[in-house]
Amino acid sequence: MDDTKTTMATPVHRMDPPEPPKPHQGCDVCEALVGERVDAARLGDWSRVVDVNVEIGRHRAVRHA
Ligand SMILES: [Zn+2]
């Protein structure tokens with residue numbers, strides 16, 4: 001017998017994308033990347049959304065650190 005609790009586990013499969021990095025105000029590159037992310041989300045291409053989020057994060061770290 002195991003004595004693990006039988007409380008409800010949090011759902012593993014969530015449709016919400018991870019918290020997106022915020023674009024830097026007035027930056028063309030950020031705006032372009034966010035536009036790309038919006039398009040990908042509209043198409044349901046979540047792997048692309050994640051890719052773009054990574055790109056935004058990387059770009060922010062280099063240009064807006
Ligand atoms: Zn930027």
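The chain has 2 helices and 0 strands, where helices (H or I, at least four residues) and strands (E, at least two) are DSSP runs numbered from the N terminus. This is a predicted model, in which local features need pLDDT of at least 70, side-chain atom pairs count only at pLDDT 80 or more, and totals for chains, interfaces and linings use all residues. Residues are numbered from 1 along each chain as its sequence is written.

**Packing of the helices**

- Helix H1 (residues 28-42) packs with helix H2 (residues 46-63) at an angle of about 165°, and their axes are 9 Å apart.
- That angle makes H1 roughly antiparallel to H2, a term for angles over 145 degrees.
- To this contact H1 gives Val 29, Cys 30, Leu 33, Glu 36, Arg 37, Ala 40 and Ala 41, while H2 gives Arg 48, Val 49, Val 52, Asn 53, Glu 55, Ile 56 and His 59; residues are in contact if their C-beta atoms, placed from the backbone, lie within 7 Å.

**Helix H1 and its end**

- H1 has 15 residues and reaches 21 Å from its first C-alpha to its last, close to the 21 Å expected at 1.5 Å a residue, the expected span being 1.5 Å times one less than the number of residues.
- Just after H1, Gly 44 takes a positive phi of about 75°.

- Gly 35 lies in helix H1 and is exposed, with 12 other C-beta atoms within 10 Å.
- Gly 35 and Val 52 are 17 residues apart in sequence, and 9.7 Å separates them in space, C-alpha to C-alpha.

Note on methods. Axes are lines fitted to C-alpha atoms, for helices over the stretch in contact, and angles run from 0 to 180 degrees between N-to-C directions. Angles under 35 degrees count as roughly parallel, over 145 as roughly antiparallel, 65 to 115 as roughly perpendicular and the rest as oblique. Two residues are in contact if their C-beta atoms, placed from the backbone, lie within 7 Å. A residue is buried if 20 or more other C-beta atoms lie within 10 Å of its own, exposed if 12 or fewer, and partly exposed in between; C-beta atoms are placed from the backbone.
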